[in-house]
Amino acid sequence: QVQLVESGGGLVQAGGSLRLSCAASGRTFNIYAMGWFRQAPGKEREFVATITWSGGSTSYADSVKGRFTISRDNAKKTVYLQMNSLKPEDTAVYYCAARRVSVQSYDYWGQGTQVTVSS
C-alpha cells in the first residue's frame, strides 16, 4: 500500500502562485510515476502533470504548460506542483496520485487539496 497526503492548497488572487506538496509513504519502492490531477465543480477529473519517480521525466496538460512545474524529492518521497500565473479556471480540488511499476493506471490517490483562484 502507498499513502499519499497533499498539502499547500488555499485561496490566491489571479496571477498569484501556490506550491502543492504530496508526501508518499508505505511501499514507495514500487512507484513508477507520480501525478497531479484536478477536479472542478461539475466537471470530470482531469490530468495536470506527471513525473517519473526515477528518471524525473515530466509531462503536462496543455492548459498548464509554461505555468506549472512538477518536481520530486526522492529523499523526502515528496512530489511538488509549483503553480504560477494562476487563473480563476485553475480553481479545483487537486489530487496527487501514484502509479506503480507494471500498472497502467494511477491506483493510489490522496484526499485532495482545494485551490481557489479569485478574479
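Good morning. In this predicted model, strand β2, residues 10-13, pairs with strand β11 in the parallel sense over four bridges. Strands here are DSSP runs of E, at least two residues, numbered from the N terminus, and two strands pair if DSSP finds at least two bridges between them. This is a predicted model in which local features need pLDDT of at least 70, side-chain atom pairs count only at pLDDT 80 or more, and totals for chains, interfaces and linings use all residues. Residues are numbered from 1 along each chain as its sequence is written, and side-chain values use heavy atoms, with hydrogens and water left out.

Within β11, T116 is the bridge partner of L11. Strand β9, residues 92-100, runs antiparallel to β11 and is joined to it by three bridges. Here V93 stands opposite Q114 of β11.

Which residues of β11 form the covered face, and which the uncovered one? T113, V115 and V117 are on the covered face of this strand, residues 113-118, while Q114, T116 and S118 are on the uncovered face. In a regular strand, side chains alternate between the two faces of the sheet.

I turn now to the disulfide. A search of the whole structure finds one, a disulfide being a pair of cysteine sulfur atoms within 2.5 Å. C22 and C96 form this bond, with their sulfur atoms 2.0 Å apart. Because C22 lies in strand β3, residues 18-26, and C96 in β9, the pair ties together parts 74 residues apart in sequence. The torsion about the S-S bond is about -75°, so the disulfide is left-handed.

Methods:
Buried < 20%, exposed > 50% of the residue type's maximum accessible area, 1.4 Å probe, protein only.
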